[in-house]
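Hello,

Here is the structure I promised to pass on to you. Have a look at it first, and then read my notes below.

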Amino acid sequence: MNEKYARITNDGLWNNNVVFAQMLALCPTLAVTSSATNGLGMGLATTAVLLLSNIIISSVRQLVSPEVRIPVYIVLIATLVTLVDMSLNAWAHELYKVLGLFIALIVVNCAILGRAEAFASKNGMVDSALDGLMMGVGFTLSLVVIGGVREIFGSGTLFANAHLLLGPAFSFLEMTIVPQYKGFLLMILPPGGFMVVGLLLAAKRVIDRRSAAKAAAMPSVATV
Amino acid sequence: MKLEELREKLVYQGLLLGGVALLTSAALAFASRATEADIKAAEAADLKQSLAQVLPGEYENDLLKDTVTLPGKEGEVLVYRGRRAGKVDAVVYQVIGHGYAGNIVCVMGVSREGKILGVRVINHKETPGLGDKIEPAKGDWIHDFEGKWLGEPGAAKWAVKKDGGVFDQFAGATITPRGVVNAVKGGLEFFEGNKTQLLDEAGTKP
(Lines give C-alpha, C1' and ligand atoms only; values in the text may rest on other atoms or scores of the structure.)
Protein backbone atom coordinates (compact mmCIF):
# COMPACT_ATOMS: atom_id res chain seq x y z
CA MET A 1 0.00 0.00 0.00
CA ASN A 2 2.73 2.40 1.02
CA GLU A 3 4.61 1.41 -2.09
CA LYS A 4 1.68 2.60 -4.20
CA TYR A 5 1.57 5.99 -2.50
CA ALA A 6 5.33 6.32 -2.90
CA ARG A 7 4.94 5.56 -6.60
CA ILE A 8 2.17 8.16 -7.02
CA THR A 9 4.32 10.71 -5.22
CA ASN A 10 7.38 9.92 -7.31
CA ASP A 11 5.36 10.07 -10.51
CA GLY A 12 3.95 13.47 -9.67
CA LEU A 13 7.18 15.05 -8.51
CA TRP A 14 9.67 13.60 -10.96
CA ASN A 15 9.02 10.53 -13.14
CA ASN A 16 5.80 11.72 -14.69
CA ASN A 17 6.12 15.45 -13.98
CA VAL A 18 3.43 17.49 -15.72
CA VAL A 19 5.83 19.80 -17.52
CA PHE A 20 9.02 17.80 -17.87
CA ALA A 21 7.66 14.34 -18.59
CA GLN A 22 4.07 14.64 -19.78
CA MET A 23 4.88 17.89 -21.62
CA LEU A 24 1.42 19.16 -20.77
CA ALA A 25 0.32 22.65 -19.73
CA LEU A 26 3.16 24.22 -21.69
CA CYS A 27 1.07 27.21 -22.68
CA PRO A 28 0.46 28.55 -19.15
CA THR A 29 3.94 27.40 -18.20
CA LEU A 30 5.62 29.53 -20.83
CA ALA A 31 3.24 32.42 -20.29
CA VAL A 32 3.54 32.99 -16.56
CA THR A 33 7.08 31.96 -15.69
CA SER A 34 8.67 35.35 -16.26
CA SER A 35 9.45 35.33 -12.53
CA ALA A 36 9.63 32.74 -9.78
CA THR A 37 6.83 34.43 -7.85
CA ASN A 38 4.45 34.26 -10.79
CA GLY A 39 5.31 30.60 -11.26
CA LEU A 40 4.59 29.95 -7.61
CA GLY A 41 1.22 31.71 -7.79
CA MET A 42 0.12 29.81 -10.87
CA GLY A 43 1.40 26.55 -9.39
CA LEU A 44 -0.48 26.96 -6.12
CA ALA A 45 -3.74 27.91 -7.83
CA THR A 46 -3.42 24.94 -10.19
CA THR A 47 -2.64 22.56 -7.34
CA ALA A 48 -5.83 23.54 -5.53
CA VAL A 49 -7.96 23.01 -8.64
CA LEU A 50 -6.17 19.76 -9.57
CA LEU A 51 -6.75 18.33 -6.09
CA LEU A 52 -10.45 19.24 -6.09
CA SER A 53 -11.11 18.13 -9.66
CA ASN A 54 -9.42 14.76 -9.09
CA ILE A 55 -11.52 14.17 -5.96
CA ILE A 56 -14.79 15.10 -7.67
CA ILE A 57 -14.13 13.17 -10.86
CA SER A 58 -12.98 10.02 -9.08
CA SER A 59 -16.12 10.12 -6.95
CA VAL A 60 -18.46 10.25 -9.96
CA ARG A 61 -16.37 8.02 -12.24
CA GLN A 62 -18.77 5.04 -11.99
CA LEU A 63 -21.71 7.12 -13.17
CA VAL A 64 -20.10 8.68 -16.22
CA SER A 65 -20.42 6.86 -19.54
CA PRO A 66 -17.08 6.56 -21.30
CA GLU A 67 -18.60 8.01 -24.50
CA VAL A 68 -19.45 11.36 -22.93
CA ARG A 69 -16.75 11.56 -20.28
CA ILE A 70 -14.73 14.37 -21.86
CA PRO A 71 -17.56 16.97 -21.98
CA VAL A 72 -18.61 15.97 -18.46
CA TYR A 73 -15.07 16.46 -17.14
CA ILE A 74 -14.65 19.76 -18.95
CA VAL A 75 -17.91 21.13 -17.56
CA LEU A 76 -16.98 19.99 -14.05
CA ILE A 77 -13.48 21.50 -14.23
CA ALA A 78 -14.68 24.79 -15.70
CA THR A 79 -17.34 25.07 -13.00
CA LEU A 80 -14.80 24.35 -10.31
CA VAL A 81 -12.42 26.99 -11.60
CA THR A 82 -15.22 29.55 -11.80
CA LEU A 83 -16.31 28.75 -8.25
CA VAL A 84 -12.75 29.19 -6.98
CA ASP A 85 -12.51 32.43 -8.94
CA MET A 86 -15.73 33.85 -7.49
CA SER A 87 -15.12 32.84 -3.90
CA LEU A 88 -11.57 34.22 -3.94
CA ASN A 89 -12.88 37.46 -5.40
CA ALA A 90 -15.50 37.74 -2.68
CA TRP A 91 -13.74 36.49 0.41
CA ALA A 92 -10.02 36.78 -0.25
CA HIS A 93 -9.96 39.88 -2.35
CA GLU A 94 -6.31 40.78 -1.65
CA LEU A 95 -5.19 37.35 -2.80
CA TYR A 96 -7.52 37.55 -5.78
CA LYS A 97 -5.89 40.76 -6.96
CA VAL A 98 -2.61 38.86 -7.26
CA LEU A 99 -3.84 35.44 -8.41
CA GLY A 100 -6.90 36.56 -10.37
CA LEU A 101 -5.08 36.63 -13.67
CA PHE A 102 -3.86 33.04 -13.26
CA ILE A 103 -7.13 31.51 -12.18
CA ALA A 104 -8.89 32.13 -15.47
CA LEU A 105 -5.92 30.50 -17.22
CA ILE A 106 -6.38 27.27 -15.30
CA VAL A 107 -9.48 26.35 -17.30
CA VAL A 108 -7.32 25.93 -20.38
CA ASN A 109 -4.70 23.94 -18.49
CA CYS A 110 -4.84 20.57 -20.19
CA ALA A 111 -2.94 18.93 -17.34
CA ILE A 112 -6.09 18.99 -15.26
CA LEU A 113 -8.18 17.24 -17.89
CA GLY A 114 -5.18 14.99 -18.46
CA ARG A 115 -5.12 13.83 -14.84
CA ALA A 116 -8.90 13.44 -14.80
CA GLU A 117 -8.69 11.21 -17.87
CA ALA A 118 -5.52 9.30 -17.05
CA PHE A 119 -5.88 8.82 -13.32
CA ALA A 120 -9.00 10.02 -11.53
CA SER A 121 -11.39 8.23 -13.89
CA LYS A 122 -9.71 4.90 -13.10
CA ASN A 123 -8.74 5.12 -9.44
CA GLY A 124 -10.27 5.60 -6.01
CA MET A 125 -10.75 8.91 -4.28
CA VAL A 126 -7.80 8.76 -1.89
CA ASP A 127 -5.36 7.75 -4.62
CA SER A 128 -6.75 10.43 -6.93
CA ALA A 129 -6.50 13.10 -4.25
CA LEU A 130 -2.86 12.19 -3.63
CA ASP A 131 -2.20 12.11 -7.38
CA GLY A 132 -3.77 15.55 -7.82
CA LEU A 133 -1.77 16.96 -4.93
CA MET A 134 1.54 15.50 -6.07
CA MET A 135 1.01 16.42 -9.73
CA GLY A 136 0.19 19.93 -8.52
CA VAL A 137 3.27 20.14 -6.32
CA GLY A 138 5.42 18.81 -9.16
CA PHE A 139 3.91 21.40 -11.49
CA THR A 140 4.50 24.16 -8.92
CA LEU A 141 8.14 23.12 -8.46
CA SER A 142 8.70 23.06 -12.23
CA LEU A 143 7.17 26.52 -12.62
CA VAL A 144 9.25 27.92 -9.76
CA VAL A 145 12.45 26.45 -11.21
CA ILE A 146 11.70 27.73 -14.74
CA GLY A 147 10.59 31.10 -13.38
CA GLY A 148 13.63 31.28 -11.11
CA VAL A 149 16.09 30.60 -13.93
CA ARG A 150 14.40 33.11 -16.22
CA GLU A 151 14.22 35.71 -13.47
CA ILE A 152 17.87 35.36 -12.43
CA PHE A 153 19.12 35.67 -16.02
CA GLY A 154 16.47 38.11 -17.11
CA SER A 155 16.37 40.62 -14.29
CA GLY A 156 18.99 39.50 -11.77
CA THR A 157 16.52 38.93 -8.94
CA LEU A 158 14.79 35.93 -7.40
CA PHE A 159 11.27 35.87 -5.95
CA ALA A 160 10.83 39.60 -6.55
CA ASN A 161 7.48 40.85 -5.22
CA ALA A 162 6.91 37.65 -3.26
CA HIS A 163 5.34 39.71 -0.47
CA LEU A 164 2.49 40.66 -2.81
CA LEU A 165 1.62 37.01 -3.26
CA LEU A 166 2.36 35.48 0.13
CA GLY A 167 2.15 38.43 2.48
CA PRO A 168 4.84 40.60 4.08
CA ALA A 169 6.14 37.66 6.18
CA PHE A 170 7.65 36.16 3.03
CA SER A 171 9.58 39.20 1.90
CA PHE A 172 12.76 37.43 3.08
CA LEU A 173 12.46 35.32 -0.08
CA GLU A 174 13.12 38.36 -2.24
CA MET A 175 16.72 38.34 -3.33
CA THR A 176 18.87 40.33 -5.66
CA ILE A 177 21.21 37.79 -7.18
CA VAL A 178 23.11 40.13 -9.48
CA PRO A 179 23.23 43.73 -8.19
CA GLN A 180 23.16 46.52 -10.78
CA TYR A 181 22.05 44.04 -13.43
CA LYS A 182 20.97 45.66 -16.67
CA GLY A 183 18.58 42.85 -17.48
CA PHE A 184 18.59 40.33 -20.29
CA LEU A 185 15.21 40.86 -21.86
CA LEU A 186 15.19 37.74 -24.02
CA MET A 187 14.87 35.52 -20.98
CA ILE A 188 11.72 37.27 -19.80
CA LEU A 189 10.09 37.28 -23.22
CA PRO A 190 8.48 34.08 -24.57
CA PRO A 191 11.59 32.83 -26.47
CA GLY A 192 13.46 32.71 -23.17
CA GLY A 193 10.74 30.48 -21.82
CA PHE A 194 11.17 28.01 -24.66
CA MET A 195 14.94 27.97 -24.21
CA VAL A 196 14.83 27.45 -20.45
CA VAL A 197 12.20 24.71 -20.71
CA GLY A 198 14.27 22.99 -23.40
CA LEU A 199 17.51 23.16 -21.43
CA LEU A 200 15.89 21.98 -18.19
CA LEU A 201 14.21 19.15 -20.10
CA ALA A 202 17.59 18.08 -21.47
CA ALA A 203 19.07 18.26 -17.98
CA LYS A 204 16.32 16.02 -16.60
CA ARG A 205 16.96 13.50 -19.37
CA VAL A 206 20.67 13.42 -18.55
CA ILE A 207 19.96 12.88 -14.85
CA ASP A 208 17.45 10.12 -15.62
CA ARG A 209 19.87 8.38 -17.97
CA ARG A 210 22.72 8.56 -15.46
CA SER A 211 20.61 7.14 -12.65
CA ALA A 212 19.33 4.39 -14.95
CA ALA A 213 22.91 3.50 -15.89
CA LYS A 214 23.89 3.48 -12.23
CA ALA A 215 20.97 1.22 -11.36
CA ALA A 216 21.93 -1.15 -14.16
CA ALA A 217 25.54 -1.26 -13.01
CA MET A 218 24.54 -2.14 -9.46
CA PRO A 219 21.53 -4.44 -9.70
CA SER A 220 22.06 -5.74 -6.17
CA VAL A 221 21.66 -2.28 -4.66
CA ALA A 222 18.57 -1.53 -6.72
CA THR A 223 16.73 -4.59 -5.46
CA VAL A 224 17.47 -3.99 -1.77
CA MET B 1 -30.48 -3.21 -15.11
CA LYS B 2 -26.84 -2.93 -14.08
CA LEU B 3 -25.00 0.36 -14.18
CA GLU B 4 -22.59 -0.83 -16.88
CA GLU B 5 -25.44 -1.63 -19.26
CA LEU B 6 -27.28 1.54 -18.37
CA ARG B 7 -24.20 3.62 -19.21
CA GLU B 8 -24.28 2.33 -22.77
CA LYS B 9 -27.75 3.72 -23.43
CA LEU B 10 -27.98 6.90 -25.45
CA VAL B 11 -30.79 8.20 -23.26
CA TYR B 12 -28.67 7.78 -20.16
CA GLN B 13 -25.80 9.67 -21.75
CA GLY B 14 -28.06 12.50 -22.82
CA LEU B 15 -29.62 12.70 -19.39
CA LEU B 16 -26.18 12.55 -17.78
CA LEU B 17 -24.88 15.47 -19.82
CA GLY B 18 -28.07 17.42 -19.16
CA GLY B 19 -27.94 16.60 -15.48
CA VAL B 20 -24.31 17.64 -15.14
CA ALA B 21 -24.98 20.88 -16.99
CA LEU B 22 -28.02 21.58 -14.80
CA LEU B 23 -26.18 20.84 -11.57
CA THR B 24 -23.13 22.91 -12.45
CA SER B 25 -25.22 25.85 -13.65
CA ALA B 26 -27.21 25.69 -10.44
CA ALA B 27 -24.00 25.68 -8.43
CA LEU B 28 -22.70 28.64 -10.41
CA ALA B 29 -25.95 30.57 -10.07
CA PHE B 30 -25.98 29.94 -6.36
CA ALA B 31 -22.33 30.94 -5.97
CA SER B 32 -22.86 34.05 -8.04
CA ARG B 33 -25.73 35.05 -5.74
CA ALA B 34 -23.77 34.28 -2.62
CA THR B 35 -20.68 36.20 -3.69
CA GLU B 36 -22.27 39.14 -5.51
CA ALA B 37 -22.70 41.42 -2.50
CA ASP B 38 -19.23 40.66 -1.14
CA ILE B 39 -17.59 41.20 -4.52
CA LYS B 40 -19.38 44.55 -4.91
CA ALA B 41 -18.36 45.57 -1.40
CA ALA B 42 -14.76 44.55 -2.03
CA GLU B 43 -14.70 46.48 -5.31
CA ALA B 44 -16.23 49.58 -3.69
CA ALA B 45 -13.62 49.39 -0.93
CA ASP B 46 -10.95 49.07 -3.63
CA LEU B 47 -12.34 52.12 -5.42
CA LYS B 48 -12.41 54.17 -2.23
CA GLN B 49 -8.86 53.15 -1.50
CA SER B 50 -7.64 54.07 -4.94
CA LEU B 51 -9.51 57.38 -4.76
CA ALA B 52 -7.79 58.10 -1.45
CA GLN B 53 -4.41 57.39 -3.07
CA VAL B 54 -4.87 59.95 -5.81
CA LEU B 55 -6.57 62.49 -3.53
CA PRO B 56 -4.36 62.83 -0.48
CA GLY B 57 -5.85 64.68 2.45
CA GLU B 58 -9.31 64.99 3.93
CA TYR B 59 -12.43 66.10 2.14
CA GLU B 60 -15.66 67.08 3.86
CA ASN B 61 -17.96 65.01 1.64
CA ASP B 62 -18.30 61.38 0.62
CA LEU B 63 -16.58 61.25 -2.77
CA LEU B 64 -18.55 58.26 -3.95
CA LYS B 65 -21.77 60.28 -3.61
CA ASP B 66 -20.73 63.63 -5.12
CA THR B 67 -20.39 62.72 -8.76
CA VAL B 68 -21.03 64.21 -12.15
CA THR B 69 -21.06 62.44 -15.51
CA LEU B 70 -19.66 64.26 -18.53
CA PRO B 71 -19.09 63.20 -22.12
CA GLY B 72 -15.41 62.48 -22.73
CA LYS B 73 -13.33 61.36 -25.68
CA GLU B 74 -14.05 57.69 -25.00
CA GLY B 75 -17.61 57.76 -23.79
CA GLU B 76 -19.04 59.07 -20.57
CA VAL B 77 -16.68 59.94 -17.76
CA LEU B 78 -17.81 59.56 -14.17
CA VAL B 79 -16.17 62.22 -12.03
CA TYR B 80 -15.91 62.10 -8.24
CA ARG B 81 -15.56 65.47 -6.55
CA GLY B 82 -13.94 66.29 -3.24
CA ARG B 83 -15.07 69.49 -1.54
CA ARG B 84 -13.51 71.81 0.97
CA ALA B 85 -15.59 74.68 2.38
CA GLY B 86 -18.38 73.85 -0.04
CA LYS B 87 -16.23 74.36 -3.12
CA VAL B 88 -14.94 71.58 -5.32
CA ASP B 89 -11.28 71.35 -4.41
CA ALA B 90 -10.27 68.31 -6.42
CA VAL B 91 -11.77 65.86 -8.90
CA VAL B 92 -11.05 62.23 -9.63
CA TYR B 93 -11.91 60.37 -12.77
CA GLN B 94 -10.92 57.37 -14.82
CA VAL B 95 -8.88 57.59 -17.98
CA ILE B 96 -8.16 54.69 -20.26
CA GLY B 97 -4.83 54.14 -21.95
CA HIS B 98 -4.06 51.73 -24.74
CA GLY B 99 -1.27 49.44 -23.68
CA TYR B 100 0.55 46.51 -25.16
CA ALA B 101 -2.16 44.05 -24.12
CA GLY B 102 -5.44 45.88 -24.07
CA ASN B 103 -6.72 48.79 -22.05
CA ILE B 104 -4.95 50.25 -19.05
CA VAL B 105 -7.50 51.72 -16.67
CA CYS B 106 -6.13 54.56 -14.57
CA VAL B 107 -7.65 56.94 -12.07
CA MET B 108 -6.24 60.43 -11.78
CA GLY B 109 -6.82 63.13 -9.21
CA VAL B 110 -6.64 66.73 -10.38
CA SER B 111 -6.63 69.78 -8.15
CA ARG B 112 -8.69 72.92 -8.67
CA GLU B 113 -5.73 74.53 -10.40
CA GLY B 114 -5.41 71.69 -12.89
CA LYS B 115 -2.36 70.08 -11.29
CA ILE B 116 -2.11 66.32 -10.99
CA LEU B 117 -2.45 65.13 -7.41
CA GLY B 118 -1.84 61.52 -8.27
CA VAL B 119 -2.32 58.79 -10.86
CA ARG B 120 -2.88 55.09 -10.20
CA VAL B 121 -3.34 52.18 -12.54
CA ILE B 122 -6.26 50.11 -11.33
CA ASN B 123 -6.51 47.51 -14.06
CA HIS B 124 -4.17 46.36 -16.80
CA LYS B 125 -3.02 43.24 -18.59
CA GLU B 126 0.54 44.29 -19.37
CA THR B 127 3.39 41.76 -19.39
CA PRO B 128 4.34 40.74 -15.85
CA GLY B 129 7.93 41.73 -15.18
CA LEU B 130 8.02 44.25 -18.03
CA GLY B 131 5.03 46.52 -18.32
CA ASP B 132 3.75 46.10 -14.79
CA LYS B 133 6.20 48.66 -13.41
CA ILE B 134 3.34 51.12 -13.84
CA GLU B 135 1.94 49.66 -10.61
CA PRO B 136 3.15 51.62 -7.58
CA ALA B 137 3.93 48.34 -5.79
CA LYS B 138 6.48 47.46 -8.47
CA GLY B 139 8.04 50.79 -9.31
CA ASP B 140 8.04 54.51 -8.57
CA TRP B 141 7.33 55.49 -12.15
CA ILE B 142 3.68 56.43 -11.64
CA HIS B 143 4.69 59.08 -9.07
CA ASP B 144 6.43 61.09 -11.81
CA PHE B 145 3.09 62.59 -12.72
CA GLU B 146 2.48 64.26 -9.38
CA GLY B 147 2.51 68.05 -9.54
CA LYS B 148 2.62 68.13 -13.34
CA TRP B 149 0.06 70.02 -15.40
CA LEU B 150 -0.47 70.84 -19.07
CA GLY B 151 1.99 73.75 -18.94
CA GLU B 152 4.69 71.83 -17.07
CA PRO B 153 6.10 70.15 -19.09
CA GLY B 154 4.70 71.79 -22.23
CA ALA B 155 2.30 69.98 -24.54
CA ALA B 156 5.09 68.65 -26.79
CA LYS B 157 6.97 67.21 -23.81
CA TRP B 158 3.98 65.21 -22.55
CA ALA B 159 5.40 61.96 -23.90
CA VAL B 160 7.89 59.24 -23.07
CA LYS B 161 11.58 60.03 -23.64
CA LYS B 162 11.69 57.92 -26.77
CA ASP B 163 9.09 60.26 -28.30
CA GLY B 164 10.97 63.37 -27.18
CA GLY B 165 9.13 63.85 -23.91
CA VAL B 166 10.13 63.87 -20.26
CA PHE B 167 8.72 60.58 -18.96
CA ASP B 168 10.88 57.47 -18.62
CA GLN B 169 10.04 54.33 -20.50
CA PHE B 170 10.98 50.88 -19.13
CA ALA B 171 13.55 48.55 -20.59
CA GLY B 172 11.63 46.44 -23.08
CA ALA B 173 8.32 48.18 -22.62
CA THR B 174 7.70 51.49 -24.34
CA ILE B 175 4.11 50.94 -25.38
CA THR B 176 2.86 50.59 -21.83
CA PRO B 177 4.22 53.88 -20.41
CA ARG B 178 3.34 55.63 -23.68
CA GLY B 179 -0.25 54.51 -23.26
CA VAL B 180 -0.38 55.76 -19.69
CA VAL B 181 1.25 59.12 -20.52
CA ASN B 182 -1.18 59.70 -23.39
CA ALA B 183 -4.13 58.76 -21.22
CA VAL B 184 -3.07 61.16 -18.47
CA LYS B 185 -2.50 63.94 -20.97
CA GLY B 186 -5.97 63.27 -22.39
CA GLY B 187 -7.32 63.42 -18.86
CA LEU B 188 -5.80 66.86 -18.31
CA GLU B 189 -7.23 68.10 -21.59
CA PHE B 190 -10.61 66.78 -20.46
CA PHE B 191 -10.22 68.80 -17.25
CA GLU B 192 -9.40 72.00 -19.15
CA GLY B 193 -12.30 71.48 -21.51
CA ASN B 194 -14.91 70.91 -18.82
CA LYS B 195 -13.57 73.06 -16.00
CA THR B 196 -16.81 74.91 -15.26
CA GLN B 197 -18.92 71.82 -14.85
CA LEU B 198 -16.22 69.84 -13.06
CA LEU B 199 -15.61 72.50 -10.47
CA ASP B 200 -19.32 73.14 -10.11
CA GLU B 201 -18.83 76.91 -10.53
CA ALA B 202 -22.54 77.36 -11.15
CA GLY B 203 -22.90 76.44 -7.51
CA THR B 204 -25.50 73.70 -7.82
CA LYS B 205 -25.16 71.62 -4.71
CA PRO B 206 -25.84 67.97 -5.43
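**The sheet of chain B**

Chain B holds an open sheet of 5 strands in the order β1-β2-β3-β4-β5, with antiparallel pairing. Strands here are DSSP runs of E of at least two residues, helices are runs of H or I of at least four, and both are numbered from the N terminus; two strands pair if DSSP finds at least two bridges between them. At the edges stand β1 (67–72) and β5 (116–123) of chain B, each with a single partner strand, so one side of each has no neighbour in the sheet. From one strand to the next, the twist averages 30°.

Before going on, a word on the ground rules. This is a predicted model, in which local features need pLDDT of at least 70 and side-chain atom pairs count only at pLDDT 80 or more, while totals for chains, interfaces and linings use all residues. Residues are numbered from 1 along each chain as its sequence is written, and chains are lettered from A and ligands numbered from 1 in the order in which they are written.

Back to the strands: β2 (residues 75–84) and β3 (residues 87–99) of chain B pair in the antiparallel sense over 6 bridges. Lys87(B) in β3(B) is the bridge partner of Arg84(B), and Val92(B) in β3(B) is that of Tyr80(B). The hairpin of β2(B) and β3(B) has 2 residues between the strands, and Ala85(B) takes a positive phi near 50° there. On to the next pair: β3(B) and β4(B) are antiparallel over 10 bridges, and a hairpin joins them through 2 residues. Ile96(B) stands opposite Val105(B) in β4(B).

**Helices and overall form**

Which pattern does chain B follow along the sequence? Chain B reads α-α-β-β-β-β-β-α-α, which comes to 4 helices and 5 strands. The radius of gyration of chain B, taken over C-alpha atoms, is 24 Å, well over the 17 Å that the globule rule (2.2 Å times the number of residues to the power 0.38) gives for 206 residues, so chain B is more spread out than a compact globule. The C-alpha trace of chain B spans about 85 × 45 × 30 Å along its principal axes. Buried residues (20 or more other C-beta atoms within 10 Å of their own, with C-beta atoms placed from the backbone) make up 29% of the 206 residues in chain B.

**Where chain A comes in**

The contact between the chains takes 27 residues from chain A and 24 residues from chain B; two residues are in contact if their C-beta atoms, placed from the backbone, lie within 7 Å. On the side of chain B that touches chain A, α1 (3–8) and α2 (10–54) of chain B each supply at least two residues. The largest share of that side, 15 residues, comes from α2(B). By class, the side of chain B that touches chain A divides into 15 nonpolar, 6 polar and 3 charged residues. Ala, Val, Leu, Ile, Met, Phe, Trp, Tyr, Cys and Pro count as nonpolar, Asp, Glu, Lys and Arg as charged, and the others, Gly among them, as polar.

Helix α4 (residues 69–91) of chain A packs with α2(B) at an angle of about 10°, their axes 8 Å apart. Axes are lines fitted to C-alpha atoms, for helices over the stretch in contact, and angles run from 0 to 180 degrees between N-to-C directions. That makes α4(A) roughly parallel to α2(B) (an angle under 35 degrees).

Best wishes

Notes: Parallel < 35°, antiparallel > 145°, perpendicular 65-115°, else oblique. Buried ≥ 20, exposed ≤ 12 C-beta atoms within 10 Å, placed from the backbone.
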